[in-house]
Amino acid sequence: MNASDAKHLQAAIDQAAAAGVRGEVPIGAVLVSASGDILAADGNRIVECRDPTAHAEICVLRAGGAVLGNERLLGSTLYVSLEPCAMCAGAISLARVARLVYAAADPKGGAVEHGPRFFEQATCHHRPQVERAEGFEVAGQMLKDFFRARR
């Protein structure tokens with residue numbers, strides 16, 4: 001992981017923190033184009049939008065498609081504070097995201113290195129390069145703190 005990756009992943013974690021302040025589960029995402037431009041950055045908006053699909057990843061994929069005028073986000077990199085769920089992994093594949101970088105693993109709800117391991121399935125149309133970033137433990141701790149405060 002290079003300095004640019006670290007910067008974008010930190011921006012995703014910042015989006016997660018902002019989502020937490022809004023009362024959302026603190027998950028954030030940043031989508032970067034093949035040329036290195038930030039296409040979209042957002043956090044979960046499930047509660048705000050009353051939309052169970054308004055995960056951070058889905059929000060930035062939709063916004064990125066609008067910016068590019070194309071549903072295919074070829075050459076893009078998606079930075080996420082938490083391992084994507086099955087729904088988001090499916091959307092990442094369909095959008096043809098080239099690379100996925102995430103901070104915290106999600107043994108319960110993740111679908112990349114846990115659960116269905118979506119990108120390893122024969123029915124997966126496109127497999128992005130996947131990298132789990134080290135040194136961003138704050139992303140996982142933010143989630144633990146969020147749920148601990150609600151119990």
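**Group meeting: a helix pair and a nonpolar core**

Helices H1 and H5 are roughly parallel to each other, a label given to angles under 35 degrees. Their axes come within 10 Å and cross at roughly 10°. Those axes are lines fitted to C-alpha atoms over the stretch in contact, and angles run from 0 to 180 degrees between N-to-C directions.

Who makes the contact? On H1, Ile13, Ala16, Ala17 and Gly20; on H5, Val138, Ala139, Met142 and Phe146. Contact here means heavy atoms within 4.5 Å. By class that is seven nonpolar residues, one polar and no charged ones. Gly counts as polar in this scheme; Ala, Val, Leu, Ile, Met, Phe, Trp, Tyr, Cys and Pro count as nonpolar, and Asp, Glu, Lys and Arg as charged.

A word on the model. It is predicted: local features need pLDDT of at least 70, side-chain atom pairs count only at pLDDT 80 or more, and totals for chains, interfaces and linings use all residues. Residues are numbered from 1 along each chain as its sequence is written, and side-chain values use heavy atoms, with hydrogens and water left out.

Now the layout. The protein has five helices and five strands. They run α-β-β-α-α-β-α-β-β-α from the N terminus. These are DSSP runs: helices are H or I with at least four residues, strands are E with at least two.

Next, the core. The largest nonpolar core holds 36 residues, and Leu9, Leu78 and Leu100 touch the most other members. Among the elements that supply at least two residues each are H1 (3-21), S3 (77-82), S4 (99-104) and H5 (137-150). S4 gives the most, with five. To qualify, residues must be buried Ala, Val, Leu, Ile, Met, Phe, Trp, Tyr or Cys, joined through side-chain atoms within 4.5 Å. Buried means under 20% relative accessible area, exposed over 50%, partly exposed in between, with a 1.4 Å probe and protein chains only.

Take Leu100. Not counting residues up to four places away in sequence, its contacts include Leu78, Val80, Ile92, Val112 and Phe119.

Over the whole protein, 46% of the 151 residues count as buried.

Arg50 has a positive phi of about 50°, yet is not a glycine. Arg50 lies in the loop between H2 (46-49) and H3 and is exposed, at 68% relative accessible area. Arg117 is another non-glycine with a positive phi, about 45°. Its loop runs between S4 and S5 (129-132), and Arg117 is partly exposed, at 37%.

Key: Parallel < 35°, antiparallel > 145°, perpendicular 65-115°, else oblique.
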